[in-house]
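Subject: Structure handover

Hi,

Here is the structure I promised to pass on.

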Amino acid sequence: KAKRQGRNTWQWYRDREVASIKDSVLLRHDLHTALHEEQFELYYQPLVETTSGRVCGVEALVRWHHPSRGLISPYEFISLAERTGQIIPLGRWVLRQACLEMARFRTQEERILPVAVNISSLQFHRDGFLDEVRRILEETGLPPNQLELEVTESVFLDGASQVIDMMETLKAIGVRVAIDDFGTGFSSLSYLRDLPTHKVKLDRSFISDTLSDHRSAAIVQGVITMAHHMEMMVVAEGIETEAQQQDMVRRHCDLLQGYRFARPMPLAELRSLPERLPAKGFGHSL
Ligand code: C2E
Ligand code: MG
Ligand code: MG
Ligand code: MG
């Protein structure tokens, strides 16, 4: 009986594996079509200043309106697109679209709202990436200082010195680079020392743990203190509750991002976003 059960389990795993391979083959094919049929859309999530609630920028987050599966999360298709190489055309589309939309937003709304765009390591390391950034800025008319690129620690795996050079070049153009999901990768502290960056984004996994786990809290506080000594700003991502917000206020984290303030929204909704979010426990008076 045990043997039969064993085989069933094996069969189950095999079926699942076949299903998931079929799935990714289908998705891969769909991804190709999606790029041509404009099934992607950018949503924007505000970042607010901890002390004032002032909206000081937005992060562009890609959404896929799949014709039969509905809205698919980037968690599901970004890594697939990275494996198939399709992240290159997709990433280019995202960068151009974000610059185009925010350049228009700037003139139509007469409002300056810097935009952060996620850049996959593969895309960052591809030859000609810097030229692509320059060209897109030129063509869309977005001032370089209103664009920020978000890269994760994984970019350093492919050559830290090259990354530092590229970041210096970007800085010279006026484009800033932030380190995303900070603390989840394997990069050493010396990278942080050598990087011409001005901002680190603490990963959501730390934020949700600081209230219950004193080790997470120590890491968060350590990163904030260290970053401030290096004249860098810290963003806490994934703030959902008032308690988390208060905790970050107390720790002097500079910027906050999370469902508590605003979910990622389509461009049209961004137009009615206030300059400052209504009082929700901002400031150090708490
Ligand atoms: P990320 O860059 O760390 O972006 C933050 C993610 O956390 C977003 O998920 C955002 O919607 C979500 N989030 C924000 N606030 C909260 C909160 O309070 N609670 C919770 N539970 N989640 C929150 P999203 O949009 O699903 O994107 C997931 C990831 O996919 C991003 O993580 C980023 O790594 C990647 N991604 C998204 N768009 C792009 C893109 O255009 N290019 C590349 N290369 N990657 C992208
Ligand atoms: Mg990001
Ligand atoms: Mg992030
Ligand atoms: Mg994250």
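Predicted model: local features only at pLDDT ≥ 70, side-chain atom pairs only at ≥ 80, totals over all residues.

Residues are numbered from 1 along each chain as its sequence is written, chains are lettered from A and ligands numbered from 1 in the order in which they are written, and side-chain values use heavy atoms, with hydrogens and water left out.

**Metals**

The magnesium ion (ligand 2) has E59 (OE), N118 (OD1), E150 (OE) and D180 (OD) as its protein donors, at 2.0 to 2.2 Å. Donors here are N, O and S atoms within 2.8 Å of the metal (3.2 Å for Na, K and Ca); water is not among the atoms, so sites may look incomplete. Along the chain, the donors of ligand 2 are spaced as E-x58-N-x31-E-x29-D. E150 sits in strand 5 (residues 147-152) and D180 in strand 6 (residues 176-182), so this pair ties together parts that are 30 residues apart in sequence. For the element numbering, helices (H or I, at least four residues) and strands (E, at least two) are DSSP runs, numbered from the N terminus. Both E150 and D180 are buried, where buried means under 20% relative accessible area, exposed over 50% and partly exposed in between (1.4 Å probe, protein chains only).

D180 also coordinates the magnesium ion (ligand 3), which lies 3.5 Å from the magnesium ion (ligand 2).

The separation between the magnesium ion (ligand 4) and the magnesium ion (ligand 2) is 6.0 Å. D181 in strand 6 and E237 in strand 8 (residues 233-237) are 56 residues apart, and the pair links distant parts of the chain. D181 is partly exposed, at 24% relative accessible area, while E237 is buried at 12%.

**Ligand 1**

Ligand 1 is surrounded by 21 residues, and the closest are R63, N118, D180, E240 and Y259. A residue counts as near if one of its heavy atoms lies within 4 Å of the molecule or strand in question. On the nitrogen side, a ligand 1 atom is 3.1 Å from an N or O atom in the side chain of Q45. On its own ligand 1 has 800 Å² of accessible area, and the protein covers 89% of that (Shrake-Rupley method with a 1.4 Å probe; for residues, only the protein chains shown count as cover).

**S52**

S52 is in the loop between strand 1 (40-49) and strand 2 (55-66), and it is buried, with a relative accessible area of 16%. Its side chain makes a polar contact with that of E49, at 2.5 Å. A polar contact is a pair of N or O atoms within 3.5 Å; within protein, one must be able to donate a hydrogen and the other to accept it, and residues adjacent in sequence count only if both atoms are side-chain atoms. A polar atom of the S52 side chain also lies 3.1 Å from the backbone nitrogen of R54. Leaving out residues up to four places away in sequence, S52 touches R276 and F282 (contact means heavy atoms within 4.5 Å).

**Aromatic rings**

How many aromatic pairs does the count give? It comes to five, with rings of Phe, Tyr and Trp (its six-membered ring) pairing if their centres lie within 6.5 Å; planes under 30 degrees apart are stacked, over 60 edge-to-face and the rest tilted. F40 and F77 form a tilted pair, 5.8 Å centre to centre with 45° between the planes. This pair links strand 1, which holds F40, to F77 in helix 2 (residues 74-84), 37 residues apart. W64 and F77 are edge-to-face, at 5.4 Å and 85°. Both W64 and F77 are buried at 0% relative accessibility. Ring pairs join F40, W64, F77 and W93 into a cluster.

Cheers
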